[in-house]
Amino acid sequence: RTRWARSALELVAQLPAPLQAKLVKHVDQAASSSSSSSSTRTRQTITADDVFASKPKLHFVFPPPSGTVLEFERHVGAVTAVACSPYHRHLFASVGLDGRLQLFSALHTKPLLRTVVGPTSARTYAQPAALHA
């Protein structure tokens, strides 16, 4: 078994227990595959740099805060702009080619407000100033 440096252990210790096990397994597999492909140098200790070099999935290293939603109700077509509120950390607006302006909270999957602004004026409503009101 590979030895883990303090820097790597401190990084892993900050994660919830289920993610710790997944990340350790991922890094161990990456370390064993790199040591088997490189016969001249065998890695003895895994550092924090090695954890990131193993290219884990982002949610392994940076899990979202509990209660935060990662997927929101979609527009029909491409999203043309997104603007975050400077006053409310969970509030953001999106505008799509479907001509809809949608106001979201990062805590809910469905929009708090949805209105049709029309495809030609959609970019105007997504400017950061629209969230200052």
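Student: What makes S5 and strand S6 (residues 113-116) a pair?

Tutor: In this predicted model, S5 and S6 are joined by four bridges in the antiparallel sense. Arg-100 is placed opposite Val-116 of S6.

Student: How do you know that strand S4 (residues 91-96) also pairs with S5?

Tutor: Five bridges join S4 to S5, and the two run antiparallel. The requirement is at least two bridges, so S4 and S5 are a pair as well. Leu-91 faces Ser-105 of S5. Three residues separate S4 from S5 in a hairpin, and Gly-99 in its turn has a positive phi of about 80 degrees.

Student: Why is strand S5 (residues 100-105) called largely enclosed?

Tutor: Because five of its six residues are buried, S5 is largely enclosed by the rest of the structure. Buried here means under 20% relative accessible area.

Student: Why is Cys-84 called exposed?

Tutor: Its relative accessible area is 58%, and the cut-off is over 50%, so Cys-84 is exposed. Cys-84 belongs to strand S3 (residues 79-84). From Cys-84 to Phe-104 the C-alpha to C-alpha separation is 9.6 Å, with the two 20 residues apart in sequence.

Student: What makes Leu-58 exposed, and which surface patch includes Leu-58?

Tutor: Leu-58 has a relative accessible area of 65%, which is over 50%, so the term exposed applies. Leu-58 is part of helix H4 (residues 58-61). Together with Phe-52 and Phe-62, Leu-58 makes a nonpolar surface patch of about 360 Å².

Conventions: Residues numbered from 1 in each chain as written. Predicted model: local features only at pLDDT ≥ 70, side-chain atom pairs only at ≥ 80, totals over all residues. Heavy atoms only, no water. Patch = residues over 30% accessible without salt bridge, like charges linked within 9 Å, V, L, I, M, F, W, Y side chains within 5 Å. Areas by Shrake-Rupley, 256 points an atom, 1.4 Å probe, with all protein chains shown as cover. Salt bridge = Lys/Arg side-chain N within 4 Å of Asp/Glu carboxyl O. Buried < 20%, exposed > 50% of the residue type's maximum accessible area, 1.4 Å probe, protein only.
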